[in-house]
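Visitor: I would like to learn how to read a structure like this one. Please take me through it feature by feature.

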Amino acid sequence: MTYVIAQPCVDVKDRSCIDECPVDCIYEGRRALYIHADECVDCGACEPVCPVEAVFFETDLPAQWHDFHRSATEFFETAGSPGGAGSSGPYDHDSTVVAALGPQDVAQ
Ligand code: F3S
Ligand code: F3S
């Protein structure tokens with residue numbers, strides 16, 4: 001199981017979640033951040049600090065954002081399993097789900 005970052009992060013990228021993650025498994029893409037499912041230890045520390053409530057436990061993902069689980073998987077098919085965000089990235093790509101979105105209203 002893992003936590004998942006959903007659509008509210010896109011074009012916002014507050015990054016508060018990064019500071020809370022004890023295993024450094026939140027990676028930065030071009031327009032959003034992504035949690036590495038194999039590295040996440042399900043501690044939940046990232047969820048409450050996101051100001052736009054973009055972070056969900058995978059089974060709690062709202063239905064309209066179910067694609068964001070697959071989105072993260074796809075992101076790491078390119079990024080691999082770096083074993084720590086601090087020593088890798090930010091990356092210059094996004095998942096196809098994120099890349100296909102129009103500009104998000106960041107003034108929410
Ligand atoms: Fe995104 Fe929220 Fe983290 S906006 S970067 S998931 S704090
Ligand atoms: Fe990291 Fe814990 Fe979230 S391991 S991605 S802070 S659930």
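This is a predicted model: local features need pLDDT of at least 70, side-chain atom pairs count only at pLDDT 80 or more; totals for chains, interfaces and linings use all residues.

Visitor: How many helices and strands does the protein chain have?

Guide: Start with the rule. Helices (H or I, at least four residues) and strands (E, at least two) are DSSP runs, numbered from the N terminus. Here the protein chain has 3 helices and 4 strands. Read from the N terminus, their order is β-α-β-β-β-α-α.

Visitor: What does the radius of gyration say about the protein chain?

Guide: The radius is taken over C-alpha atoms, and the globule rule is 2.2 Å times the number of residues to the power 0.38. For 108 residues the rule puts a compact globule near 13 Å, and the protein chain has 12 Å, which agrees. The C-alpha trace spans about 30 × 25 × 25 Å along its principal axes.

Visitor: What share of the residues is buried?

Guide: Cut-offs decide that. Buried means under 20% relative accessible area, exposed over 50%, and partly exposed in between (1.4 Å probe, protein chains only). Of the 108 residues in the protein chain, 45% count as buried.

Visitor: What about the surface itself, and which atoms supply it?

Guide: Accessible areas come from the Shrake-Rupley method with a 1.4 Å probe; for residues, only the protein chains shown count as cover. The protein chain exposes about 5600 Å², and carbon and sulfur atoms supply 49% of that area.

Visitor: How much of the contact set joins residues 24 or more positions apart?

Guide: A contact means heavy atoms within 4.5 Å. Take the contacts in the protein chain with a separation of 6 or more: residues 24 or more positions apart account for 71% of them.

Visitor: How many positive and negative side chains are there?

Guide: Lys and Arg count as positive, Asp and Glu as negative; His and the chain ends are not counted. Each charge is placed at NZ of Lys, CZ of Arg, CG of Asp or CD of Glu. The protein chain has 5 positive and 19 negative side chains. The centres of the two sets lie 10 Å apart.

Visitor: How many salt bridges are there?

Guide: A salt bridge is a side-chain nitrogen of Lys or Arg within 4 Å of a carboxyl oxygen of Asp or Glu. By this rule the count is 5. One of them pairs Glu28 with Lys13, at 2.9 Å from N to O. Glu28 lies in strand E2 (residues 26–28) and Lys13 in the loop between strand E1 (3–5) and helix H1 (16–20), so the pair ties together parts 15 residues apart in sequence. Both Glu28 and Lys13 are buried. Lys13, Arg15 and Glu28 form a network of salt bridges.

Visitor: Where do Arg30 and Asp92 lie?

Guide: Their side chains meet in a salt bridge at 3.4 Å, N to O. Arg30 is in the loop between E2 and strand E3 (33–35), and Asp92 in the loop between helix H2 (67–79) and helix H3 (96–99). The pair links distant parts of the chain, 62 residues apart. Arg30 and Asp92 are both exposed.

Visitor: And Arg70 with Asp67: how far apart are the closest N and O atoms?

Guide: They are 3.5 Å apart, in a salt bridge. Arg70 and Asp67 both lie in helix H2, 3 residues apart, about one turn of the helix. Arg70 is partly exposed at 45% relative accessibility. Asp67 is partly exposed too, at 40%.

Visitor: Which residues does a cis peptide bond join?

Guide: Check omega. For Gly89 and Pro90 omega is about 5°, and the peptide bond joining them is cis. Pro90 is in the loop between H2 and H3.

Visitor: What is phi of Glu53, and is Glu53 buried or exposed?

Guide: Phi of Glu53 is near 50°, positive in a residue other than glycine. Glu53 sits in the loop between E3 and strand E4 (55–57). At 59% relative accessibility, Glu53 is exposed. Lys13 also has a positive phi, of about 45°, and is not a glycine. Lys13 counts as buried, at 13% relative accessibility.

Visitor: Which residues does Glu74 touch?

Guide: Leave out residues up to four places away in sequence; Glu74 then touches Ser95 and Thr96. Glu74 is in helix H2 and is partly exposed at 21%.

Definitions and conventions:
Residues are numbered from 1 along each chain as its sequence is written. Chains are lettered from A and ligands numbered from 1 in the order in which they are written. Side-chain values use heavy atoms; hydrogens and water are left out.
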